[in-house]
Amino acid sequence: MSQHRTSGDGTSDDRASHALPEYAERVLDVADLIPPGRVMTYGDVAEWLGEGGPRQVGRVMSLYGAAVPWWRVVRADGALLPGHELRALDHYRAEGTPLREASRGAEGHLPRLDMKRARWDGVTADGGADRDRGGGAHI
């Protein structure tokens, strides 16, 4: 991965001046690989790397995720990231990410991600079931 990364908001992150922990670098590399219109859960990313768990991935994303398409790493239930719902929703709509309409009782009437259609397997363009999991072999 290059030492220079452009964030989703157009600012840049020069990694040469800000050394990241190796695990954080690997998590961010996976987030960079997720195609527009697709998502991976925090647990998917950890499983794909073969280490850590959803909380560790979430921590990395909260500390360093601004430099990558953060909206593509999501909660398993498809709920939008609290505090960033509208920004994420703008990205999802621009990328054509599958969404489910909000129920009438949903707070703020915000949609959720349609996880069955939006989830990416980390390998195939269509998210198919032939995923080679674990070990970080793809990075």
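Colleague: Is Arg-55 buried or exposed?

Modeller: Exposed. This is a predicted model, and in it Arg-55 has a relative accessible area of 76%. The cut-off for exposed is over 50%, so Arg-55 counts as exposed.

Colleague: Which helix does Arg-55 lie in?

Modeller: Helix α3. The C-alpha atom of Arg-55 is separated by 7.4 Å from that of Tyr-42. Those two are 13 residues apart along the chain.

Colleague: And Pro-54, what does that count as?

Modeller: Partly exposed, at 47% relative accessibility. Pro-54 is also found in α3. Leaving out residues up to four places away in sequence, Pro-54 touches Tyr-42, Gly-43 and Ala-46.

Colleague: How far is Pro-54 from Arg-75 in space?

Modeller: 8.9 Å, C-alpha to C-alpha. In sequence, Pro-54 and Arg-75 are 21 residues apart.

Colleague: Let's step back. How many helices and strands are in the chain?

Modeller: Five helices and six strands. Along the sequence the pattern reads β-β-α-β-α-α-β-α-β-β-α.

Colleague: What percentage of the residues is buried?

Modeller: 41% of the 139 residues in the chain. As for contacts, take those between residues at least 6 apart in sequence. Of these, 57% join residues at least 24 apart.

Colleague: Now the largest nonpolar core. Which residues touch the most other members?

Modeller: Val-27, Val-45, Val-57, Met-61, Val-73 and Tyr-92. The core has 30 residues. At least two come from each of α1 (22–33), α2 (42–49), α3 (54–64), β4 (73–74), α4 (85–95) and α5 (115–118). The largest share is from α1, with six residues.

Colleague: What does Met-61 touch, not counting residues up to four places away?

Modeller: Val-27, Leu-28, Ala-31, Tyr-42, Val-68, Trp-70 and Val-73.

Colleague: Back to α2. Why do you call it largely enclosed?

Modeller: Because six of its eight residues are buried. They are Tyr-42, Asp-44, Val-45, Ala-46, Trp-48 and Leu-49.

Colleague: Which elements do those buried residues of α2 pack against?

Modeller: α1, β3 (40–41), α3 and β4.

Colleague: What about the residue just after α2?

Modeller: That's Gly-50. Gly-50 takes a positive phi of about 80°.

Colleague: New topic, aromatics. How many pairs do you count?

Modeller: One aromatic pair. The partners are Trp-70 and Trp-71, with ring centres 5.6 Å apart and planes at 85°, so the pair is edge-to-face.

Colleague: Are Trp-70 and Trp-71 buried or exposed?

Modeller: Both are buried.

Colleague: Which residues line the largest cavity?

Modeller: Tyr-42, Trp-70, Trp-71, Val-73, Val-74, Arg-75, Ala-79, Leu-80, Leu-81, Ala-88 and Tyr-92. β4 and α4 are the elements that give two or more residues to that lining. By class, the lining has ten nonpolar residues, no polar and one charged.

Colleague: Ala-79 is on that list. Where does Ala-79 lie?

Modeller: In the loop between β4 and α4. Ala-79 counts as buried, at 14% relative accessibility. From Ala-79 to Leu-113 is 6.5 Å, C-alpha to C-alpha. The two are 34 residues apart in sequence.

Colleague: And pockets? How much space lies in the second largest pocket?

Modeller: About 190 Å³. The residues lining that pocket are Tyr-42, Gly-58, Met-61, Ser-62, Gly-65, Ala-66, Trp-70, Val-73, Leu-81, His-84 and Arg-87.

Colleague: Which element gives the most to that lining?

Modeller: α3, with three residues.

Colleague: How do the residues of that lining divide by class?

Modeller: Six nonpolar, four polar and one charged.

Terms used
Residues numbered from 1 in each chain as written. Predicted model: local features only at pLDDT ≥ 70, side-chain atom pairs only at ≥ 80, totals over all residues. Heavy atoms only, no water. Core = buried A, V, L, I, M, F, W, Y, C linked by side-chain atoms within 4.5 Å. Buried < 20%, exposed > 50% of the residue type's maximum accessible area, 1.4 Å probe, protein only. Helix = DSSP H or I, 4+ residues; strand = E, 2+ residues; numbered from the N terminus. Contact = heavy atoms within 4.5 Å. 1 Å grid on protein atoms, 1.4 Å probe; cavity = no way out; pocket = protein on both sides within 12 Å on 5 of 7 lines; lining within 4 Å. Points joined across faces, edges and corners; volume = space filled by probe spheres on them. Nonpolar A, V, L, I, M, F, W, Y, C, P; charged D, E, K, R; others polar. Phe/Tyr/Trp six-rings, centres within 6.5 Å; stacked < 30°, edge-to-face > 60°.
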